[in-house]
Amino acid sequence: MDADQIVKLTPDVVRELVESERVNAVPKHAPGCRKEERWPFPGTIEVWLPDQCYGERHMLATLHNLSLHGLGMRTRRPVPVDTRVLLAVHQPEMSCYGHAVVRHCTQAHAGYLIGMEFIFENQATKED
């Protein structure tokens, strides 16, 4: 993938991004507690919040981990659970954009740890 382009977020794009780093997943929970592996994945996330969110609508976050169906990021401000956002993941290998929904927002020592679930195009058409 050429990093000069920005591509739509799909399961194949996420898989390609994960494979480009060749990072071993590190389980943080006992077996069976998570549906899928998560890989440590440092990077930058751009997030655009909907109009109903208070404050700035655009923010930068730090990518913490990545799975095939979501990501964990650190931010300076909280984002309410169930908020649907537009995001862009920027890595040297590629940049990709898509939608996600906030599944948890936990206050951390510095800022907030937010778990996001990707909304892929075929999911959006089924739900809308």
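Is Arg103 buried, partly exposed or exposed? At 44% relative accessibility, Arg103 counts as partly exposed. This is a predicted model. The protein chain has two helices and seven strands. Four salt bridges are present in the structure.

**Overall build**

- From the N terminus, the elements follow the order β-α-β-β-β-β-β-β-α.
- The chain has 128 residues, and 37% of them count as buried.
- Among contacts with a separation of 6 or more, 55% join residues 24 or more positions apart.

**The salt bridge of Arg103**

- Arg103 and Asp82 form a salt bridge through their side chains, at 3.5 Å from N to O.
- This pair links distant parts of the chain: Arg103 lies in strand β6, and Asp82 lies in the loop between β4 (70–75) and β5, 21 residues apart.
- Asp82 is exposed, because its relative accessible area is 54%.
- Salt bridges with shared partners join Asp82, Arg103 and Glu117 into one network.

**Other salt bridges**

- Side chains of opposite charge can pair when their charged atoms come close.
- Asp12 pairs with Arg15 in a salt bridge, where the closest N and O atoms are 3.2 Å apart.
- Asp12 and Arg15 sit three residues apart in helix α1 (residues 11–21), so about one helical turn separates them.
- Asp12 is exposed at 56% relative accessible area, whereas Arg15 is partly exposed at 34%.
- Asp51 and Arg57 also meet in a salt bridge, at 3.9 Å from N to O.
- Asp51 counts as exposed because its relative accessibility is 64%.
- Arg57 is partly exposed, with a relative accessible area of 33%.

**A nonpolar surface patch**

- Ile6, Trp48, Leu86 and Tyr97 make a nonpolar surface patch of about 330 Å².
- Leu86 belongs to strand β5 (residues 84–90).
- The relative accessible area of Leu86 is 31%, so Leu86 is partly exposed.
- Tyr97 belongs to strand β6 (residues 95–107).
- Tyr97 is partly exposed too, with a relative accessible area of 32%.

**Around Tyr97**

- Beyond its neighbours within four places in sequence, Tyr97 contacts Ile6, Val7, Lys8, Leu9, Leu87 and Ala88.
- One of these partners is Leu9. Tyr97 and Leu9 are 88 residues apart in sequence, but 5.3 Å apart in space from C-alpha to C-alpha.

Conventions:
Residues numbered from 1 in each chain as written. Predicted model: local features only at pLDDT ≥ 70, side-chain atom pairs only at ≥ 80, totals over all residues. Heavy atoms only, no water. Patch = residues over 30% accessible without salt bridge, like charges linked within 9 Å, V, L, I, M, F, W, Y side chains within 5 Å. Areas by Shrake-Rupley, 256 points an atom, 1.4 Å probe, with all protein chains shown as cover. Helix = DSSP H or I, 4+ residues; strand = E, 2+ residues; numbered from the N terminus. Buried < 20%, exposed > 50% of the residue type's maximum accessible area, 1.4 Å probe, protein only. Contact = heavy atoms within 4.5 Å.
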